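Here is a short briefing to read beside the model. Take a moment to bring up the view, and then follow the topics below.

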Amino acid sequence: MSDERIRTVRVTLDGQTIEAAASATVLDVALANGVFIPHLCHHPDLRPAGACRLCFVDVDGRMVTACNAPVVEGATIRTNTDAVKTTVRGAVELLLVNHHRGAVDCEEGDACELRKIARFIGIDEVRLARFRRPEPAPPVDTSNPFFEYDPGICVLCGICVRTCDEVVGVSAIDFVRRGVHTTIGSAPGAKWMDSDCVSCGECVVRCPTGSLSMRDSEVPEREVRTTCTYCGCGCGIHLGVTGGRIVSARGVRENPSNEGRLCVKGRFGYGFVNAPDRLKKPLIRRDGVLVEASWDEALDLVAAKFTEHRGDAFAAIASAKLTNEENYVLQKFVRAVQGTNNVDHCARLCHSPTVAGLVQSLGSGAMTGTTKDLGDSRCILAIGTNTTAAHPIVALQVVRAVHQGGKLIVINPREVDLARHADLVLRNRAGSDVALLMGMMRVIVDEGLHDPAYIAARCDGFDEFRESLARFDAATVEELTGVPFAQVAAAARMYATNGPASILYAMGITQHTHGTDNVLAVSNLALLTGNVGRTSGGVNPLRGQSNVQGACDMGALPNVFPGYQRVDRPEVREKFERAWGARLDDMPGLTHLEILGGVTGGRIRAIYLVGENPALSEADANHARHAMEEVDFLVVQDIFLTESAEYADVVLPAATFAEKDGTFTNTERRVQRVRRAIDPVGDSRTDLWITSEIARRMGAAGFDHASAADVMDEIASLTPIYGGVTHERIEGSGIQWPCPDSSHAGTRTLHTERFPTASGRARFFALAYRAPDEEPDAEFPLVLTTERSLYHYHTSTMTRRVPGLEQLRGEELVEMHPRDAAALRVSSGDQVRVTSRRGEVVARALVTEVSPPGTISMTFHFHEAPTNVLTNAAFDPVAKIPETKVCAVRVEAVR
Amino acid sequence: MTTTKRVDPAELAKLPCTGPSFDDLRGKLDPIVARYPQRAAALLPVLWVVQRARAGWLHPKSIREVAEYLAVPQAHVEGVITFYTMFKDQPVGRDVVVVCKTLSCRLRGAQEVMDALEDHFGIDMGGTTKDGRYTIETGECLGLCDMAPCMTIDEERHGNLTPESAVKTLEGRPR
Ligand code: SF4
Ligand code: SF4
Ligand code: FES
Ligand code: FES
């Protein structure tokens with residue numbers, strides 16, 4: 001294989017002798033050597049189709065289509081014989097007469113490849129006019145909020161159809177009808193929006209004629225390359241700027257994480273930046289109402305109050321939306337100025353079990369591989385992740401792996417979208433993952449499919465772990481998981497015998513009272529089969545927010561300094577005390593839930609809440625709201641007046657990702673640049689500036705960095721895993737940590753030789769099954785599990801300000817199985833009331849078999865129906881994550 | 001009155017999907033699928049069985065169910081049924097009549113046959129008779145040129161037609 005790629009052949013191209021890679025096509029070679037061959041259905045991201053019949057050339061006297069003809073040694077290629085010219089002219093003319101617009105005067109202009117080709121060949125429009133189709137063009141499909149399809153200028157090259165299939169894996173569209181009536185469509189009478197389309201726009205950006213085109217598109221004055229603010233995929237985007245506004249976004253092809261691809265949010269979701277209701281001035285509560293104030297007033301007040309509340313009565317909640325530099329400065333402020341370790345952020349609510357679990361078993365709590373390498377896995381086990389919705393660009397690699405013949409096992413109570421690509425789908429009871437994974441491991445061990453050599457060489461704790469498997473016999477596993485054991489065994493064999501195998505997981509694993517156990521079960525499985533440390537294998541926790549990995553790396557956690565260096569280690573503490581010139585606390589601080597919980601007992605008196613919205617995101621949200629109301633002094637620093645900001649004493653207007661410099665670290669540990677595209681809107685300021693300014697006004701030293709790059713240098717000097725990271729070095733493709741020094745290129749696959757544990761070895765953990773904290777009973781007979789929608793982000797503070805996204809999904813929906821719906825006499829669209837021990841919420845029902853019988857699901861994006869007032873704040877004893885994925889509820893129709 | 005008007009495709013889903021439930025059809029479909037190395041390969045015969053069992057056309061629900069059953073994208077099923085003329089994505093009469101309109105038949109009077117049928121039943125080609133009994137449409141060469149002009153009624157062949165014999169054949173069949 002690899003030989004084939006580097007082997008070269010010699011061909012003659014229009015008389016010139018040329019050396020070319022043996023794997024290239026004639027079209028590749030011609031284009032690479034500056035010889036234009038008309039082509040419409042070719043796209044470098046797609047397999048050759050040979051559909052448009054424009055790329056004819058003469059190879060050794062035979063007429064072939066260049067896009068799907070491989071080059072062969074000694075071939076003579078001629079692109080300009082009379083026969084070629086006549087054939088191509090005929091093909092182009094046929095396309096033009098079937099086209100509903102004149103190619104020369106078409107307003108699509110030079111964006112249209114057909115027009116370029118027509119000019120290249122020299123077409124006589126007048127002669128063609130009489131062959132043109134007389135009937136008017138079919139109507140333009142404008143159903144999608146972001147783009148439209150004009151069948152009148154579609155040349156049926158099929159690039160969109162193949163993109164949606166090969167790149168996106170959705171297959172929403174195909175050629176429909178026949179002959180001259182053929183168009184791109186999906187189902188009888190369906191508009192584009194009625195199809196399975198997820199509005200990613202990948203087809204639109206590849207359309208060669210402008211038949212698929214962006215609505216409201218503006219050609220920007222300039223573009224700035226940066227990193228998407230939404231999810232942990234961390235896609236590179238070019239933001240288009242005109243004046244002070246963001247007017248476009250497109251993917252960065254050179255970015256290794258996304259290779260130019262974007263999801264609907266990344267491509268179309270930038271509108272919030274210039275939303276009219278951005279916070280533009282600081283607000284101070286006076287006589288119960290928030291009124292505008294100057295920065296000086298607001299900052300002086302905050303500085304005075306924070307000075308009053310130094311020590312353990314103070315707590316800060318940082319944000320996975322801030323840059324690394326901002327999180328670093330924020331935790332430094334909390335530790336060095338406020339003298340407490342009470343700093344945490346939303347990772348507590350999503351991946352704290354990953355950090356707690358994987359650090360124990362593998363020594364490091366991050367994805368062991370890269371996004372791109374996932375696509376070359378021979379087997380992917382996706383458990384507790386709705387990847388297409390939550391990590392759309394990672395999901396593209398799963399699709400790529402499947403297209404390459406890799407196996408896919410999906411384990412999820414809900415029939416998530418990925419299931420349609422899967423070889424095996426196991427729908428276990430919510431909260432039974434330990435039992436299921438241990439059941440699989442028992443099969444692997446019993447059948448000798450594990451990797452004893454790897455285990456002996458690199459792992460500890462195997463014997464004890466092996467004994468704990470005894471508890472998971474077939475009958476027990478079936479009973480606990482509700483999955484037939486034959487399926488469990490089949491999954492075990494498929495995973496163990498197809499390597500390298502990658503495990504993907506997300507909130508379905510972590511958001512449980514036994515989240516840490518779940519994570520350990522995952523790492524056990526990967527170690528058992530020797531998959532950790534292999535490229536395209538390993539354990540891959542998918543991190544949610546754009547910089548949640550970075551916020552953890554930066555020590556926005558109560559027990560560790562930047563780089564996971566523990567606050568209770570004297571030598572570590574001394575290093576930071578020396579660097580920061582302050583005495584530091586050796587007691588780990590309070591976690592997210594404990595901070596809000598600490599208000600009631602009077603333990604916490606002041607909270608600095610940065611870029612977070614616990615009023616919607618926190619489990620048992622009513623309790624969180626209550627705490628924010630009660631606390632003596634609450635500062636909220638955000639880009640909008642969020643539900644949480646309404647409780648604040650001072651609100652500080654922050655800048656968005658488009659208005660600041662810095663870095664994000666995405667889910668594959670890649671540290672990437674965030675670049676200022678526009679100036680902060682109104683009087684808003686970057687979080688870096690705000691926190692530093694508060695610190696300065698409190699008389700603290702060490703908060704006068706000249707730039708974000710300067711902060712990164714300080715980070716690198718204190719954080720071994722970021723030791724070699726500088727803004728300058730990551731200009732291009734970023735760097736994956738660990739990167740210990742400036743000569744190190746970064747780390748693609750973790751743990752290839754040793755584990756970053758004290759012994760250098762990984763550890764197995766003996767596990768037992770523990771039931772969810774709250775199980776259904778007579779009064780609350782159903783299980784509620786939370787999920788998220790592709791179209792919204794977190795508490796949707798940003799996405800709901802994008803009208804198109806709001807149109808695609810504008811309200812909460814309670815998804816339930818037809819059986820449960822029938823028992824409640826509810827149909828799709830009916831209003832239902834969902835009640836738990838903690839609260840109630842009203843929303844409309846969506847009846848679907850995606851939900852298993854007995855389990856309903858809701859997102860947490862909508863303030864009108866704040867799902868988290870229902871969820872259970874019982875937490876994992878180790879990681880302190882609340883059990884958002886399982887709680888008991890009752891549903892009734894609202895009539 | 002003519003019932004040639006196509007149902008607005010957006011309204012199709014509101015029509016009843018008559019015939020056996022998909023689960024009841026599985027008994028017939030599973031053996032067909034078993035004949036092929038890949039499920040998707042069974043698309044044409046599966047669609048044919050479903051169409052025949054369910055009032056002669058493919059309701060949007062049928063399309064969805066077939067797509068799910070064979071694990072192929074819905075858009076692909078739509079592409080296939082709108083490509084082949086013998087698949088119907090609109091309601092049809094109880095029997096489907098196809099009158100050949102290709103060269104041999106035309107030379108031997110196909111147009112007159114069509115005109116007669118249109119006059120007699122008061123419909124345009126492609127339409128369905130008022131009583132819902134026949135959908136009468138035109139088709140390309142039926143491979144019966146030796147008995148041109150010709151038509152098929154579902155799977156029956158009728159050749160050497162005259163305008164009168166065509167009408168009589170349709171009227172004369174048991175109701
Ligand atoms: S926007 Fe994306 S999902 Fe929709 S049709 Fe195009 S490629 Fe497919
Ligand atoms: S939201 Fe995530 S997947 Fe979508 S473009 Fe942004 S980083 Fe990429
Ligand atoms: S580019 Fe070769 S056939 Fe279309
Ligand atoms: S032309 Fe009518 S059957 Fe062949």
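A nonpolar core here is a set of buried Ala, Val, Leu, Ile, Met, Phe, Trp, Tyr and Cys residues joined through C-beta atoms within 7 Å. A residue is buried if 20 or more other C-beta atoms lie within 10 Å of its own, exposed if 12 or fewer, and partly exposed in between, with C-beta atoms placed from the backbone. This is a predicted model, in which local features need pLDDT of at least 70 and side-chain atom pairs count only at pLDDT 80 or more, while totals for chains, interfaces and linings use all residues. Residues are numbered from 1 along each chain as its sequence is written, and chains are lettered from A and ligands numbered from 1 in the order in which they are written.

**Nonpolar cores**
- The largest core holds 296 residues, and those touching the most other members are Leu381(A), Val398(A), Met440(A), Val522(A), Ile607(A), Leu634(A) and Val814(A).
- With 9 residues, helix H16 (residues 433-446) of chain A gives the most to this core; helices (H or I, at least four residues) and strands (E, at least two) are DSSP runs, numbered from the N terminus.
- Leaving out residues up to four places away in sequence, Val522(A) touches Leu437(A), Ile503(A), Tyr505(A), Ile509(A) and Val539(A), where contact means C-beta atoms, placed from the backbone, within 7 Å.
- Another core, of 20 residues, lies apart from the largest one and includes Val99(B), Met114(B), Ile136(B) and Ala148(B).

**The sheet in chain A**
- An open sheet of 5 strands runs in the order S19-S18-S17-S21-S22 (chain A), with parallel pairing; two strands pair if DSSP finds at least two bridges between them.
- Strand S19 (424-426) and strand S22 (538-541) of chain A are at the edges with a single partner strand each, so one side of each has no neighbour in the sheet.
- Strands S17 (residues 379-383) and S21 (residues 501-505) of chain A pair in the parallel sense over 5 bridges, and Ile380(A) has Ser502(A) as its bridge partner in S21(A).

**Around ligand 1**
- Of the 14 residues around ligand 1, Cys164(A), Ala172(A), Cys197(A), Cys200(A) and Cys203(A) come nearest; a residue is near if its C-beta atom, placed from the backbone, lies within 6 Å.
- Helix H6 (159-167) and helix H7 (202-206) of chain A each supply at least two residues of this shell, and H6(A) gives the most, with 3 residues.

**Domains**
- Chain B is divided into domain 1 (9-83) and domain 2 (95-172), with bounds from an automatic or database domain assignment.
- The C-alpha centres of these two domains of chain B are 28 Å apart.

Terms used:
Two residues are in contact if their C-beta atoms, placed from the backbone, lie within 7 Å.
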